[in-house]
Amino acid sequence: MRVLKRTYYILDFMLYYLLKLVIANFRVAADILTPGTRTNPGFIDFPLQLNTDWGLLLMSNLVSMTPGTLSIDISQDKSLLIVHLLFMDDEASARTDLTRIQDKIRKMTES
C-alpha cells in the first residue's frame with residue numbers, strides 16, 4: 001500500500017509541476033516577445049518545512065528550473081529558502097505556489 005501511495009504522490013507532483021512549468025515558460029516567452037517589459041523582479045524569503053536533504057535538493061533545484069524563478073540560498077539551519085522572482089506582481093500567489101510545491105515534495109519524500 002505504501003508503494004501505491006508514494007507512486008500516486010509522485011505522479012500528482014509531476015503533473016502539477018509540468019503544468020506550472022508550461023505556464024511559466026509561456027509567461028516568460030510572452031514578456032520576451034512583446035514590446036516593453038512587464039518584469040518586476042524581487043526576492044522573497046520562503047520558510048522551509050522539509051525534513052530531508054533529498055526534499056531540500058528537489059525544492060531548490062525545481063524552483064531554479066522553472067523560468068522566472070531562481071533559488072539563491074538555503075539558510076544554515078535549513079529553515080529558509082531565498083528565491084528570486086522575475087515577476088513579483090503578486091507575492092501571495094508566489095508563496096502559495098511555493099507552498100504547494102513544498103507540500104507535494106514533502107509527501108513524496110517523507111511518506
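Accessible areas here come from the Shrake-Rupley method with a 1.4 Å probe, and for residues only the protein chains shown count as cover. On that basis the protein chain exposes about 7100 Å², with carbon and sulfur atoms supplying 63% of it. Keep in mind that this is a predicted model: local features need pLDDT of at least 70, side-chain atom pairs count only at pLDDT 80 or more, and totals for chains, interfaces and linings use all residues. Numbering runs from 1 along each chain as its sequence is written, and side-chain values use heavy atoms, with hydrogens and water left out.

**Overall layout**
- The protein chain has 3 helices and 3 strands, where helices (H or I, at least four residues) and strands (E, at least two) are DSSP runs numbered from the N terminus.
- Going along the sequence, you get the pattern α-β-α-β-β-α.
- Residues 24 or more positions apart make up 73% of the contacts with a separation of 6 or more; a contact means heavy atoms within 4.5 Å.

**Burial and charge**
- Of the 111 residues in the protein chain, 31% count as buried, meaning under 20% relative accessible area, against over 50% for exposed and in between for partly exposed (1.4 Å probe, protein chains only).
- The mean positions of the 12 positive and 12 negative charges lie 9 Å apart.
- For that count, Lys and Arg are positive and Asp and Glu negative, while His and the chain ends are not counted; each charge is placed at NZ of Lys, CZ of Arg, CG of Asp or CD of Glu.

**Helix α1**
- Helix α1 covers residues 2–33, and its end C-alpha atoms are 46 Å apart, which agrees with the 46 Å that 32 residues should span at 1.5 Å a residue.
- That expected span is 1.5 Å times one less than the number of residues.
- Buried residues in α1 are Tyr9, Phe13, Tyr16, Tyr17, Ala24, Val28 and Asp31.
- Their cover includes α2 (53–65) and α3 (91–110).

- Strands β2 (residues 69–74) and β3 (residues 80–85) run antiparallel and are joined by 5 bridges; DSSP has to find at least two bridges for two strands to pair.
- Across the pair, Ser71 stands opposite Val83 in β3.
- The hairpin has 5 residues between the strands, and Lys78 sits in that loop between β2 and β3.
- Lys78 is not a glycine, yet has a positive phi of about 60°.
- Lys78 counts as partly exposed because its relative accessibility is 39%.
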